[in-house]
Amino acid sequence: KTFTIVNRETCIACGACFVTAPEVFDYDDDGISFVYFDKNQGNAEIPGELVEDVLEANDGCPSGSIKVSNMPFNGDPTKFE
Ligand code: F3S
């Protein structure tokens, strides 16, 4: 299982994630990213066909704001840090 969440405190609105994984990440009026499926709670299991995109977005985020885990985040991006 794969779960993802954006740390919106550290996101610098660079935009890479929603180019890499447009079906997973969306952005607000300030350009700050969030996980589209569950309003950035990190509790929605990512469908298998989108997992690779999520891992790529995780690799490509310049501020390290995209968190990925095999456990749900319950709304806390720093839960596993
Ligand atoms: Fe923000 Fe990183 Fe995406 S800086 S817009 S979470 S690539």
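A salt bridge here is a side-chain nitrogen of Lys or Arg within 4 Å of a carboxyl oxygen of Asp or Glu. The model is predicted, so local features need pLDDT of at least 70 and side-chain atom pairs count only at pLDDT 80 or more, while totals for chains, interfaces and linings use all residues. Residues are numbered from 1 along each chain as its sequence is written, and side-chain values use heavy atoms, leaving out hydrogens and water.

Two salt bridges are counted. In one, Asp28 pairs with Arg8, with the closest N and O atoms 2.8 Å apart. Asp28 sits in the loop between strand 2 (25–27) and strand 3 (33–35), and Arg8 in the loop between strand 1 (3–6) and helix 1, 20 residues apart. Helices (H or I, at least four residues) and strands (E, at least two) are DSSP runs, numbered from the N terminus.

Lys67 and Glu81 form a salt bridge at 2.7 Å, N to O. Lys67 belongs to strand 4 (residues 66–69) and Glu81 to the segment after strand 4, so the pair ties together parts 14 residues apart in sequence. Lys67 is buried at 17% relative accessibility; Glu81 is exposed at 63%. Buried means under 20% relative accessible area, exposed over 50%, partly exposed in between (1.4 Å probe, protein chains only).

Cys17 is buried, at 10%.
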